[in-house]
Amino acid sequence: MSLELVTATKSFDGSQRQYRHRSEVLDCDMRFAIFLPPQAEEGETFPVLYWLSGLTCTDENFSQKAGAQRMAAELGIALVIPDTSPRGDGVADDESYDLGQGAGFYLNATHEPWKQHYRMYDYVVSELPQLVEANFPVNQRRAIAGHSMGGHGALVIGLRNPQRFTSISAFSPICNPMACPWGEKAFAAYLGADRVSWEDYDATVLIGRATEQLPILVSQGEEDQFLETQLKPHALETAAEGAGYPIKVEHHSGYDHSYYFIASFIEQHLRFHADYLLKH
């Protein structure tokens, strides 16, 4: 699978790059960003933190706004940031911001007109890691994190694939998409009316089914405008408590849903993942 380098820039003595490639899983061209720590020039290999972004975002939001490169360089962790959905002229879309391009919800769509391209779950779990591990100085130690819709994706993918990841974290995740407007709209379109199929992509359901327990850190701003209607972190906390799943949910007074919140606590999240990624 060929890679086309789009941009490259030096950051904290490491390399921040953007690539384009053809995705067989999504049947379209895709773009992702990667940060490689400075030790890459010395022949070392690195564990990877996969970051999943939220609604309307691309691979560029986290790369440019979170300020994660400094700590990733210090810790020796690579960052991989995929786009949030398939894109292109032949890819199904919707006029609203919360469905279609930019709103892939990290699932495998089963209904038309979405199912040909909208398979972000398979892309993040399998295709993208295979591509990254074949072309960059990284190893197979992986963690996963995300924000909002991407926080939902990180929780779902991590909970369903504990053998592939060491740890999970999320900022302001959509915790109970089966019971919020964003999730209900997307799931009905991508997965159809059968709500049983939705359960495979709802963290509050999956945490009760987990047979292995990964470390999970969730950060939530108390001034988040989507807190009660869309995100529902208390539903996740209740489900985790009922399942006996140890999960750390931190509520931060005064913080909203923005990247100012992410930038304020990204060092904590990277250090959290480093505790597991860097163990041998």
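Q: In what order do the nine strands of the open sheet lie?
A: This is a predicted model, in which local features need pLDDT of at least 70 and side-chain atom pairs count only at pLDDT 80 or more, while totals for chains, interfaces and linings use all residues. Residues are numbered from 1 along each chain as its sequence is written, and side-chain values use heavy atoms, with hydrogens and water left out. Helices (H or I, at least four residues) and strands (E, at least two) are DSSP runs numbered from the N terminus, and two strands pair if DSSP finds at least two bridges between them. With mixed pairing, the open sheet of nine strands has the order E1-E2-E3-E5-E4-E6-E7-E8-E9.

Q: Which are the edge strands?
A: Look for strands that pair on one side only. These are strand E1 (3-11) and strand E9 (248-252).

Q: What angle does the direction of helix H9 make with that of E9?
A: Axes are lines fitted to C-alpha atoms (for helices, over the stretch in contact), with angles from 0 to 180 degrees between N-to-C directions. Neighbouring strands of the sheet are turned by 20 degrees against each other on average, direction ignored. Helix H9 (residues 233-243) packs on the sheet and touches strand E8 (216-221) as well as E9. Its direction and that of E9 make an angle of about 155 degrees.

Q: Why is strand E4 largely enclosed by the rest of the structure?
A: A residue is called buried under 20% relative accessible area, exposed over 50% and partly exposed in between (1.4 Å probe, protein chains only). Strand E4 covers residues 46-52. It is largely enclosed because the number of its seven residues that are buried is seven.

Q: Which residue of E5 is the bridge partner of Tyr50?
A: E4 also runs parallel to E5, with three bridges joining them. Across from Tyr50, the partner in E5 is Val80.

Q: Which residues of E5 are buried on the two sides?
A: In a regular strand the side chains alternate between the two faces of the sheet. E5 is mostly covered, with five of its five residues buried. One side holds Ala78, Val80 and Pro82, and the other holds Leu79 and Ile81.

Q: What distance separates the C-alpha atoms of Val80 and Phe32?
A: Strand E3 (residues 28-36) and strand E5 (residues 78-82) pair in the antiparallel sense over four bridges, and Phe32 stands opposite Pro82 in E5. Contact means heavy atoms within 4.5 Å, and the contacts of Val80 beyond four places in sequence include Phe32, Tyr50 and Val132. Val80 is buried, with a relative accessible area of 0%. Although Val80 and Phe32 are 48 residues apart along the chain, the separation of their C-alpha atoms is 7.2 Å.

Q: What kind of aromatic pair do Tyr121 and Tyr201 form?
A: Rings of Phe, Tyr and Trp (its six-membered ring) pair if their centres lie within 6.5 Å; planes under 30 degrees apart count as stacked, over 60 as edge-to-face and the rest as tilted. The count by this rule is 18 aromatic pairs. Tyr121 in helix H3 and Tyr201 in the loop between helix H6 (195-198) and helix H7 (203-209) are 80 residues apart. Their rings are 6.0 Å centre to centre with 80 degrees between the planes, and the pair is edge-to-face.

Q: At what distance from the ring centre of Tyr201 does Arg160 lie?
A: A charge sits over a ring if NZ of Lys or CZ of Arg is within 6 Å of the ring centre and within 35 degrees of the ring normal. Tyr201 is buried, and so is Phe187. Arg160 lies over the face of Tyr201, and its distance from the ring centre is 5.1 Å.
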